[in-house]
Amino acid sequence: MIENNLDIIKSEIFQLVKQYYNLYKQKDVFIPGESWVTFGGRVYDENEIIAAIDASLEFWLTEGRFSREFRELFGKYLGVRHVHLVNSGSSANLVCFSALTSPKLSDRRLLPGDEVISVASAFPTTVNPIIQNGMVPVFVDMDIGTYNANAEQLKAAITSNTKAIFLAHTLGNALPLDIIMDLVSKHNLWFIEDSCDALGSSYNGKMLGTFGHAAAFSFYPPHHMTMGEGGAVVTNNDELAPLLNSFRNWGRDCWCEPGKDNTCGKRFSIKMGDLPLGYDHKHIFSHIGYNLKPTDIQAAIGVEQIKKLPGFVKARKQNFTKIYEGLKKHEDIFILPEAYPGADVSWFGFLLTVREDAGFERIDIVKFLEAHKVRTRMLFAGNLLKHPGYKDIRYRQVSDLKNTNIIMERTFWIGVYPGLTDSMIDYMLSLFDKFRASK
Ligand SMILES: Cc1ncc(COP(=O)(O)O)c(C=O)c1O
């Protein structure tokens, strides 16, 4: 009886949400020059709102049935065995990297002073875990066009101190995985893929995020799908999986889900460290960890978003192609983006580098676009080494990072996200023509 009444109330609530959403979305009318054309954002319908309300009515709050469902769907989508949810892509990177410091990895564990290959033209939280854990980032330069770590410099960066490669697939493009995977096996290195911007991209038919020992994903709104805030750590490595889980879960040795006890079946019969025999496994900490877990409300949104993911990926690819075709005539003033050979890219954005002899500076075109209500973004930090926060870090660089500095000075990107309509893209393209005519 109670169940029945609850179901009736729930369905009335959901019906009202649907009505609300349908009315709310009518406000979304695009007026060129008046409405913003943004670089990314949430694309959703009433189902995400209903899912969030469903999870709220249930009020479990911490990881529960929606988290379990999302982990399964995400694992299937990528073809990975282990998925752990976290509260951001930055947390996912931190968890992936920190897991490599686990004493459980014996002589393969990363230690302070070990070198880790990365790039300085990065999102900060790809490099931060290296520094925060006391390792030394070794910066290689980028190739302009693919915006990938340069293959020759990746090879040259390796010394007997090199223990890992930790790189992002820039704006969805595949890293030079042929070279990287060779180096990883030849030198017995760890490889972490920051795939935060690359959900749905693949290389030689295999999803990005499944090449490294572990990979990070972000579900912040401009990303390929969203939970508001959120992220995931994935791996096919059975040894790493519990370590990843532990670091996001206070450093616990226990892997019970919230509200569950004695999953391991030896809750009061285990002896670890110098603790007395039978000390509650729920409170045994095998790592100096963090709490980076998300809520079930976020996961409920994710469950609806992942159903839309194939459509999102398709739209990103189509929008990229349309913009590429529209900007091809301006190739003499902009370097256009290039997919890495073998990559099928689910682009995060459309990267442009102003050519040296273009006759204008990046700031001119960026200000022009923004003044006409088109949002632009830099390639994240440009060059992290030029930022105040990184002034005193210990690092090594493999070259003069010439292209990294070019990216810092002349590169920017515009959106390709599924929320863009044809009229928004046409408007954006017309602005490039208008800008050119004004020069
Ligand atoms: C490559 C890359 N790594 C990590 C992150 C961090 O993700 P989050 O914003 O979810 O912390 C981002 C954010 O956009 C990113 O682009």
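In the predicted model, helix α9, which spans residues 296–327, packs with helix α12, residues 422–437, at an angle of about 25°, and the axes of the two helices are 10 Å apart. Because angles under 35 degrees count as roughly parallel, α9 and α12 are therefore described as roughly parallel to each other. The crossing in which α9 passes α12 is right-handed.

Eight strands form an open sheet of mixed pairing, in which the order is β1-β11-β10-β7-β6-β2-β3-β15. For β1, strand β11 (residues 231–235) is joined to it by five bridges, and the two strands run antiparallel; Val83 has Val234 as its bridge partner in β11. Helix α3, comprising residues 65–78, lies across both β1 and β11 and runs at about 130° to β1.

The ligand is surrounded by 14 residues, of which Ser88, Gly89, Ser90, Cys196 and Ser218 are the closest. Two or more residues of this shell are given by each of the elements α4 (89–99) and α5 (124–132), and the largest share, three residues, comes from α4. The shell around the ligand consists of four nonpolar, eight polar and two charged residues.

Technical notes:
Residues are numbered from 1 along each chain as its sequence is written. This is a predicted model: local features need pLDDT of at least 70, side-chain atom pairs count only at pLDDT 80 or more; totals for chains, interfaces and linings use all residues. A residue is near a molecule or strand if its C-beta atom, placed from the backbone, lies within 6 Å of it. Helices (H or I, at least four residues) and strands (E, at least two) are DSSP runs, numbered from the N terminus. Ala, Val, Leu, Ile, Met, Phe, Trp, Tyr, Cys and Pro count as nonpolar, Asp, Glu, Lys and Arg as charged, and the others, Gly among them, as polar. Axes are lines fitted to C-alpha atoms, for helices over the stretch in contact, and angles run from 0 to 180 degrees between N-to-C directions. Angles under 35 degrees count as roughly parallel, over 145 as roughly antiparallel, 65 to 115 as roughly perpendicular and the rest as oblique. A crossing is left-handed if the near helix is turned anticlockwise from the far one by less than a right angle, and right-handed if clockwise. Two strands pair if DSSP finds at least two bridges between them. Two residues are in contact if their C-beta atoms, placed from the backbone, lie within 7 Å.
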